[in-house]
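Here are a few friendly notes to read alongside the model.

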Amino acid sequence: MSKNLLNKVWDLHTVDQLSTGQDQLFIGLHLIHEVTSPQAFQMLEERGLQVLYPERTLATVDHIVPTADQSRPFDDPLAEEMMRALEQNTRKHGITFYHLGTEHQGIVHIVGPELGATQPGMTIACGDSHTSTHGAFGSIAFGIGTSQIRDVLATQCMAVTRPEVRRVQVDGLLGPGVYAKDIILRIIADLGVKGGIGYAYEFGGSTIDALSMEGRMTICNMSIEGGARVGYVNPDATTYDYIKGREYAPKAAVFETAVQYWQSVASGPDAEYDDRYELDATTLEPMVTWGINPGQAIGVSQTMPRLASLPDSLRDVAKSAYEHMGFAEAAPIEGTPIDVAFIGSCTNARLSDLREAARVVEGRSVASGVRAFVVPGSKQVARQAEAEGLPQVFERAGFQWRGAGCSMCLAMNPDKLNGREICASSSNRNFIGRQGSPTGRTLLMSPAMVAAAALNGRVTDVRSITPASAA
Amino acid sequence: MVKQGEKVRVVSGTAVVVRGNEIDTDRIIPARYLKVVTFDGLGEFAFRDVRFAQDGSQLDHPFNRPEHQGARVLIVNKNFGCGSSREHAPQALLRWGIHAIVGESFAEIFAGNCNALGVPAVRVSEADVERLMSIVEADPSMTVDVDVDAREVRAGGLRVSASIADEIRESLVTGVWDSTAALLANRERIAETVSNLPYMSGFSA
């Protein structure tokens with residue numbers, strides 16, 4: 001038996017064991033954004049500390065940026081204040097900032113990989129729970145709080161306990177209209193929203209091997225929704241091809257040396273795990289959430305569960321979910337009317353997501369009364385989509401095409417649900433109030449499924465609309 | 001606030017019960033209150049959308065009840081603090097007055113954030129959570145002791161065992177839950193680690 005990737009990377013980055021028994025882990029890449037960093041910089045000031053490795057931190061702005069009108073100053077004075085704080089902090093400490101005036105602004109978890117800054121065998125931290133996204137490259141990536149951001153800024157390290165590793169084995173071909181989003185929603189539904197506490201999830205198997213980097217990012221992104229703070233995929237040729245030539249990628253002369261390092265940290269075939277879970281991907285259909293956490297998801301052809309059929313541990317939350325959503329037990333999810341269709345977020349706003357959604361809506365129209373919009377995850381994604389004419393496809397169908405940002409995933413910007421609106425959303429959380437209205441309702445699904453719902457004004461099996469292929 | 005370096009051995013005080021599994025950090029503090037550059041003043045936004053209706057009127061929530069004002073211990077159920085990594089959530093609870101949390105289980109990032117603030121989040125069994133909740137609901141003036149050192153929670157005549165990771169307990173009782181100083185003390189070993197990481201030299205060493 002040999003060490004898995006997590007343990008290899010962990011050992012390489014362990015500086016010391018602290019008096020508490022926690023590990024002092026060196027962080028190779030630190031990503032920051034406007035929401036969770038200002039207080040950390042304030043704490044540094046109060047303690048008279050400097051940023052130890054300013055070149056290992058990259059900043060961008062995503063949560064608070066308006067997606068309709070991005071001109072400065074922002075209409076919202078609080079958003080403008082946060083923007084200014086990040087501008088000042090990055091300038092003062094010599095940190096590279098991909099601000100709105102640059103070609104690389106966007107959601108931090110989309111920007112890091114597209115810059116080539118996210119690489120295998122690295123430890124990565126960011127003050128955002130979806131930092132697990134970067135694990136798609138074979139890095140160990142943690143969401144952290146603001147006090148830990150302070151630690152990483154001041155020491156490039158964090159105090160942390162090593163997790164156990166659960167191998168999540170996914171094999172088989174995906175059917176048409178079934179995507180990475182459906183795989184991860186199925187895994188969370190099976191293992192539960194707290195099933196991953198204390199674990200890192202290692203995703204592998206023939207289905208994961210066949211996914212693009214974008215699909216792998218979608219899966220790792222939502223590890224945290226299953227309770228696993230860290231999720232990763234072992235690096236392979238798909239990973240190396242993606243990184244090659246990007247701004248922060250190892251230069252051509254040393255690229256092979258880098259690949260050797262990356263291969264050396266991958267889990268071998270005889271790697272040891274603390275737990276295993278297996279999923280047959282051929283059984284998957286498009287998934288849709290019906291409740292108030294990402295684990296409350298079913299196949300689009302299925303009916304919502306009866307409370308009596310659920311284990312005790314899930315019944316209370318299911319009951320709260322029915323109260324909030326206003327749905328009936330045993331009702332089908334397909335056909336549920338929607339008011340809003342949102343394609344965006346760090347989970348599903350990359351080029352392949354927009355292409356798949358565009359394929360569904362091309363030549364068709366959004367149902368009357370549905371507010372539909374597409375928010376590319378980064379300026380680079382927007383540029384690539386423009387080069388392919390995707391904005392026109394969406395706009396002709398009745399979608400609005402917006403500027404890059406987190407948008408309605410968490411409603412810290414003008415994009416919000418109103419009242420009890422129901423939103424078909426390609427984002428990652430259907431928590432009560434998440435999309436900005438305390439009574440608003442969210443149905444999570446793949447971007448292609450959101451597109452299908454937008455066209456019919458109700459939850460629709462995307463396979464009935466277009467002969468989609470499992471891209 | 002807990003003072004930097006303070007040894008957190010026992011947290012005592014009255015308690016407040018917030019029932020329900022999977023209470024996420026969006027519910028603990030909705031995202032619109034994150035548009036701040038300081039944590040000061042977040043206390044009033046703790047559980048905002050379940051404490052107040054949209055017209056601003058008060059709803060019936062434990063955090064609004066007069067008998068729970070001044071409570072220092074929060075008692076919760078399963079997977080408390082799941083979702084967003086926002087430290088604003090434990091910051092809001094702490095600034096409202098909560099200095100220790102007792103629950104069946106906690107989301108990992110939330111638990112880490114609590115620890116970084118010197119706020120113990122200790123786990124007790126489902127049955128013991130129910131016992132503690134019943135005691136506090138029956139008598140809100142009851143003092144609850146969260147004894148990190150002895151790994152137990154006491155209320156009235158009840159004494160239940162509590163679990164907390166060894167390293168978290170150690171960091172609290174020895175007052176090193178704020179880790180910056182300890183991490184910074186290892187400057188030389190940090191440099192040594194860096195020298196062994198091929199990517200830190202651009203793979204050219």
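Predicted model: local features only at pLDDT ≥ 70, side-chain atom pairs only at ≥ 80, totals over all residues.

1. Residues are numbered from 1 along each chain as its sequence is written, chains are lettered from A in the order in which they are written, and side-chain values use heavy atoms, leaving out hydrogens and water.

2. The buried set in α10(A) is V254(A), F255(A), A258(A), V259(A), Y261(A), W262(A) and V265(A). They cover an arc of only 165° around the axis (taken from the directions from the helix axis to the C-beta atoms), which puts them on the same side of α10(A).

3. What do the buried residues of α10(A) pack against? Their partners are α1 (5–13) and α9 (237–243) of chain A, with contact meaning heavy atoms within 4.5 Å. The axes of α1(A) and α10(A) come within 8 Å and cross at roughly 120° (lines fitted to C-alpha atoms over the stretch in contact, with angles from 0 to 180 degrees between N-to-C directions).

4. Turning to the sheet, 3 strands of chain A form an open, antiparallel arrangement in the order β1-β2-β8 (strands are DSSP E runs of at least two residues, helices H or I runs of at least four; pairing takes at least two bridges). F26(A) stands opposite C157(A) in β8(A).

Note on methods: Buried < 20%, exposed > 50% of the residue type's maximum accessible area, 1.4 Å probe, protein only.
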